[in-house]
Amino acid sequence: MLPFFFFSLQRSDNEEQSGHGEQRASPARLPFGKKQLPPIPKNAAPITKPVTTGTPAQSANGTHASYGPFYLEYSLLAEFTLVIKQKLPGIYVQPSYKSALMWFGVIFIRHGLYQDGVFKFTVYIPDNYPDGECPKLVFDIPVFHPLVDPVSGELDVRRAFTKWRRNHNHIWQVLMYARTIFYKINTVEPLNPEAAVLYDKDVHLFKSKVVDSVKLCNSHLFDQPKIDDPYAISFSPWNPAVHEEAKERMFTYKRRPEDHHKGTQVSGLSWVKPGSTQPFSKEDGSPQS
Amino acid sequence: MASMVASGNRDGQPLVPKGVDPETCMIVFKNHWAQVVKILEKHDPLRNEANAVQNYVEHMLFLLMEEDSGQAGAMGPILEFVVMENVMERLFVWSLRREFTDDMKLEQLKMYEMLVGQARQPLLHHKPILRPLMMLLSSCSGTAAPQVEAELVLLLNQLCCVLAKDPSILELFFHTSEDQGATNFLIFSLLIPFIHREGTVGQQARDALLLIMALSAENERVAKHVAENTYFCPVLATGLSGLYSSLPTKLEVPNEEWHCLHKEDWLKMPSLVQFLNSLEFCNAVIQVAHPDIRDQLVGYIYNGFLVPVLAPALHKLTLEEVMTTTAYLDLFLRSVTEPALLQTFLSFILLHRHESVHILDTLVSRINTPFQLGTVSLALFRTLIGLYCEDVMLQLVLRYLIPCNHMMLSQRRVVRERDCYSVSAAKILALTPSCCSPDRSPPPLRQLDSILFSKGISCCVAVLHHFTPCSHMSNSLFLLCVSAALRQIYLDVSYLHYLYDARLSISGCIQACQVWSALYDGEDPPPEKYQPGVLEEPALTRTQMVLKRVPKPVAPRPQHRPQPNTEPPAVNQLELEWDDSYDACPVQTAEAPVESKPPQQPPAEPPKHIQEMRKTAIMLVKGTYIEENEFQDDVMVYDLVAKKDARDVERAKLKSRGSESESTQQGSAELPLKNGLSLTLPPSLMAENSMKTLEPKATGQTDCKSNLQNNNTAAAELGDDLLAQYEELIRTLDSEAGGKQVKTDAEVKKPVAPAAEVEEEEEEEEMDFTSFSAETPEPEKVQSPFGPKFCSGSVGRSHSVPFTGPFVSVLLSRMENMLSNSLHVNLLLTGILAQLAAYPQPLLRSFLLNTNLVFQPTVRSLYQVLATVKHQIEEQAASRKDFPELITAAQHWLLARETSFMAAAISLDRTDVFATVLFTEFLKELAAIAQEHSILSYIPMEE
């Protein structure tokens with residue numbers, strides 16, 4: 001059962017979730033159609049991970065170092081679109097404002113031992129992605145679980161991804177793994193030996209500890225996010241004045257392709273009959289646009 | 001009669017003071033009428049009596065105009081009286097009996113204009129008012145006085161406005177005409193002669209006609225009438241031909257950079273403005289009119305303008321003429337917006353064969369001409385690609401990629417693979433020449449140099465928030481860049497602009513292509529189904545396609561007839577004067593399309609209305625035309641149109657016959673232009689960088705020495721020029737290539753063949769085609785930028801050898817010669833390639849951008865070509881010490897084009913330097929497109 005609350009992205013101003021098709025006002029056009037950089041946002045801060053400095057002009061594989069950040073950024077964008085595509089049940093993630101290498105997330109457990117658990121977490125992606133180690137996943141509050149470090153809250157991801165392989169491993173798999181551990185408990189080589197032992201020896205006590213842990217986590221739900229970031233996930237009590245409308249939109253709105261490309265209203269042309277490769281093969285010959 | 005009335009009113013002093021009671025008005029009106037009738041009944045009224053009538057009528061009309069309608073919409077008493085007494089008709093008949101001068105027509109037209117425009121109750125519903133109006137209109141139809149015409153069109157326009165507001169009057173308009181013994185919709189017919197007029201009169205007439213066209217969409221009867229009983233569509237379409245013939249056949253090109261007609265260009269050409277007005281009108285008619293009218297018009301434009309006029313114009317004798325036609329065609333394509341009309345133009349380009357060669361193939365082959373024709377052709381293809389038309393892309397590129405035999409069999413799955421880690425982008429950017437490394441140029445220039453590549457596309461950058469579904473990403477990207485910039489790391493900030501542009505262009509393209517029939521992803525359409533040969537349908541089928549797509553006419557059409565060139569020779573001379581385009585659209589009949597029909601049939605009778613029209617035209621030509629019918633009959637109207645058309649047609653015929661004889665004499669000379677130019681240009685020509693030495697001679701046609709025997713005609717001179725250019729090319733090439741060109745020698749002789757051998761020549765041409773297509777592209781031939789294969793196009797090419805199509809080949813060839821291309825050619829080339837790369841179809845995307853895809857050895861990829869160019873640049877840079885400085889100078893110069901930034905002088909002749917700068921920017925553009933593809937094409941959407 002879902003408790004009455006609403007989680008939202010902590011956003012500074014009037015920014016709205018892009019999902020409902022109302023996009024931010026486009027920036028003012030310059031009179032001469034020149035390209036220019038936008039002003040630096042006021043809350044701009046140095047990125048968390050320092051960019052490697054003083055690198056040689058070309059890296060070993062012949063690519064220019066100057067473009068490295070772009071490749072990284074797009075790799076992570078690709079990962080993010082993959083996550084969206086997977087539609088992981090009960091999992092929500094949101095990359096941070098300040099760095100694409102840090103993603104905020106929350107996971108809802110709907111049944112099993114951890115039922116009603118709402119666990120916030122943060123994913124840290126190594127800056128040499130996808131060639132480095134596997135990403136880290138840290139729960140905001142250390143959940144009582146054999147594979148979660150009771151102090152740091154870090155999930156033992158590495159056991160599932162002993163070696164992170166580009167093209168084969170993706171971040172959605174890490175998220176999926178984070179969900180699985182709550183349904184299928186593994187006690188081998190635990191980060192939390194107490195939990196592991198209890199689960200094996202005294203399931204009843206384990207269960208009650210889990211219930212306590214879930215309660216604890218949920219009681220901190222409305223706390224300020226651990227990391228101050230405009231895109232950090234924050235929860236607030238249900239407030240019809242604020243949330244009702246948004247909820248309605250969520251249930252009625254389907255993003256249509258036209259909305260997605262709003263502002264670039266171009267229509268193509270085709271007179272090709274489906275299944276044919278002949279131009280102007282459509283039977284009626286009437287224009288189709 | 002009404003002039004004073006009108007002017008009196010315009011002075012703002014109404015003759016009837018406000019507040020006079022209706023009864024008094026009625027009494028005044030009746031009294032006036034009684035006086036008028038007395039005079040009307042006299043056989044020979046005196047001059048002052050006529051003036052008296054004018055004064056009375058003037059006053060009466062004002063009374064009528066000012067009268068309000070009675071209760072519940074009943075007629076007011078004055079109107080009732082006018083209707084009962086048939087006042088208007090009697091007045092009209094009276095004026096007819098007297099000398100019916102232009103001045104009188106003018107006055108009466110003005111009178112009605114005022115009545116229609118200002119009366120307070122509906123007048124046109126009443127036959128006694130409508131009938132004399134129609135009679136008046138008819139009587140004005142033949143007039144030549146510009147003033148009368150202007151007033152007539154104004155009134156007609158006004159009547160159409162009334163019709164548009166109150167379609168119930170429509171019935172009356174039809175009925176009134178029937179009373180006159182004509183079955184036509186007079187106000188419509190009267191407007192037709194003004195369709196192509198310039199100035200206000202033409203504009204008003206077109207506006208009025210559009211109102212009726214809009215009416216036709218709702219009203220079946222109007223639609224049927226226009227399509228079946230009027231010459232509206234043929235007049236409109238053949239009018240285009242007439243106007244086209246008055247366009248300059250050679251454009252004065254401002255400079256070498258010029259490649260397409262911009263608005264500021266054509267605004268200076270009144271004839272072109274007039275043509276575009278009429279084209280715009282056709283576009284508007286197609287937009288609003290009933291589908292029957294639309295289909296008919298589109299058919300006439302195809303068969304009456306595109307095929308008989310534009311096709312030959314695209315195959316004229318001189319480079320300048322052909323270039324001019326190409327520029328016109330490009331402009332027309334950019335002017336047309338209605339899909340049905342675009343379809344007509346596009347099917348002409350894609351499917352029509354002129355002298356057995358598809359227009360498209362000819363156009364593609366011309367990209368390779370080193371003259372301005374090549375540049376203008378490139379601009380045309382930029383327009384074509386920018387239409388996001390599946391049919392165009394299918395014919396140009398996709399059909400060659402569908403079978404997937406341009407890649408190794410094992411690679412098919414790669415087509416749809418996603419480049420998650422920007423591997424292709426990295427590989428593309430790794431081709432950046434060392435002299436242009438992003439780590440090398442000074443930071444200030446780096447910030448600015450994105451301007452370099454804006455290429456006139458007006459867009460500004462909002463890097464921030466530029467991703468809709470996950471906009472925060474760009475924030476962090478942006479911060480990454482900013483912080484990197486702050487820390488003095490050489491991060492290419494300009495690259496953000498390319499990413500932004502790429503995103504805009506890809507998302508626009510994705511959206512546009514949603515109407516396409518297939519995904520073109522290596523599975524749909526299935527490659528197995530379209531293995532070599534399957535895509536290549538026989539010529540007959542192609543023609544059928546053309547026929548099939550031409551909409552079925554509503555009007556009876558000529559039956560199936562043989563192609564125009566197989567027409568029986570013994571045709572009456574006068575018959576020939578008539579525009580064949582009317583009946584040369586044999587194939588439009590519903591039952592025509594098909595296999596079951598024998599290829600040739602005896603010519604059938606043309607439909608009745610065509611026969612009629614032809615008869616009238618012939619009578620006019622013979623000078624024996626007698627006005628058999630009264631003026632109120634529409635025939636008169638059509639006569640006028642026909643007369644004008646016949647004149648035009650005659651002129652056009654004479655012209656075309658002239659050019660026919662020219663081409664008969666010079667048929668062989670035409671060969672190199674159509675195909676030979678690109679065929680015979682040797683690989684070494686451009687590769688050896690010889691363009692510069694070539695061009696001045698080639699474009700200056702005066703210093704040509706001719707080997708031709710009969711150069712005494714103008715036609716021969718034209719051919720001469722071409723030959724001279726051609727020989728010049730050959731000479732240059734011979735010296736360059738050191739006489740290695742065995743094959744060219746044979747071709748050099750070809751153009752100087754005497755006229756008698758034309759037929760043989762044509763056969764040779766055919767043979768050339770087949771021999772080219774039979775050729776196996778050996779690796780070194782594939783390398784050659786001017787390999788003959790580009791021209792063979794769809795003509796009998798065997799698909800057993802992997803081939804990505806003439807268009808791609810020709811683009812890559814020109815790309816490979818980047819260093820010797822002029823700046824603007826390179827801008828066009830890279831622009832077209834970038835536009836192609838933005839298409840989301842996996843087949844195209846993987847072919848152009850996926851550097852991991854393994855192609856068949858004989859297939860050249862964009863990446864390979866880019867690598868070749870990079871190699872050339874590195875060699876150049878290594879051999880010249882000042883190359884880096886020149887690069888910087890070129891960058892500054894290009895920046896200065898866009899800003900007020902002062903730049904060091906650098907000659908544009910340094911094409912290699914400019915090309916290097918452009919090349920570097922193009923790599924960024926392509927890489928950005930590749931990166932955006934990896935995101936945009938995969939954003940999940942709700943079903």
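Which residues does Gln121(B) touch, not counting residues up to four places away in sequence? I looked this up before anything else.

**Conventions**

The model is predicted, so I note that local features need pLDDT of at least 70 and side-chain atom pairs count only at pLDDT 80 or more, while totals for chains, interfaces and linings use all residues. Residues are numbered from 1 along each chain as its sequence is written, chains are lettered from A and ligands numbered from 1 in the order in which they are written, and side-chain values use heavy atoms, with hydrogens and water left out.

**Entry: Gln121(B)**

I find Gln121(B) in the loop between α6 (102-118) and α7 (127-140) of chain B; helices (H or I, at least four residues) and strands (E, at least two) are DSSP runs, numbered from the N terminus. Setting aside residues up to four places away in sequence, Gln121(B) touches Leu64(B), Glu67(B), Asp68(B), Ser69(B), Ala74(B), Met75(B), Gly76(B) and Leu79(B). Contact here means heavy atoms within 4.5 Å. With a relative accessible area of 3%, Gln121(B) is buried. The classes are buried under 20% relative accessible area, exposed over 50% and partly exposed in between (1.4 Å probe, protein chains only). I also note a polar contact of 2.6 Å between the side chains of Gln121(B) and Glu67(B). A polar contact is a pair of N or O atoms within 3.5 Å; within protein, one must be able to donate a hydrogen and the other to accept it, and residues adjacent in sequence count only if both atoms are side-chain atoms.

**Entry: Leu130(B)**

I place Leu130(B) in helix α7 of chain B. Leu130(B) is buried at 0% relative accessibility.

**Entry: Arg860(B)**

Is Arg860(B) buried or exposed? I find Arg860(B) buried, at 7% relative accessibility. Arg860(B) sits in the loop between α40 (842-849) and α41 (862-879) of chain B. The side chain of Arg860(B) has polar contacts with two side chains: Ser813(B) at 3.3 Å and Glu816(B) at 2.6 Å.

**Entry: chain B and its domains**

I count 43 helices and two strands in chain B. Of its 943 residues, 61% are buried. Among contacts in chain B between residues at least 6 apart in sequence, 79% join residues at least 24 apart.

The domain assignment of chain B gives domain 1 (19-229) and domain 2 (233-382); the bounds come from an automatic or database domain assignment. Their C-alpha centres lie 41 Å apart. The contact takes 16 residues from domain 1 of chain B and 17 from domain 2 of chain B. Between them the two domains bury about 1,500 Å², 68% of it on carbon and sulfur atoms. Buried area is the accessible area (1.4 Å probe) that two parts lose on being put together, summed over both.

**Entry: nonpolar cores**

The largest nonpolar core has 299 residues, and those with the most contacts inside it are Leu137(B), Phe232(B), Phe332(B) and Phe807(B). Helix α43 (residues 911-936) of chain B gives the largest share of this core, 15 residues. Domain 1 (19-229) and domain 2 (233-382) of chain B both give residues to this core, so it lies between them. Such a core is a set of buried Ala, Val, Leu, Ile, Met, Phe, Trp, Tyr and Cys residues joined through side-chain atoms within 4.5 Å. I looked up Phe232(B) too: leaving out residues up to four places away in sequence, its contacts include Phe188(B), Ile192(B), Phe281(B) and Val285(B).

**Entry: cysteines**

I get zero disulfides over all chains, a disulfide being a pair of cysteine sulfur atoms within 2.5 Å.

**Entry: backbone**

Most residues other than glycine have a negative phi, and most peptide bonds are trans. I list these exceptions.

- The peptide bond from Tyr129(A) to Pro130(A) is cis, with omega near 0°.
- A cis peptide bond also joins Asp524(B) and Pro525(B), with omega about 0°.
- Asn86(B) has a positive phi, near 55°, and is partly exposed at a relative accessible area of 25%.
- Tyr388(B) has a positive phi, near 55°, and is buried at 14% relative accessibility.
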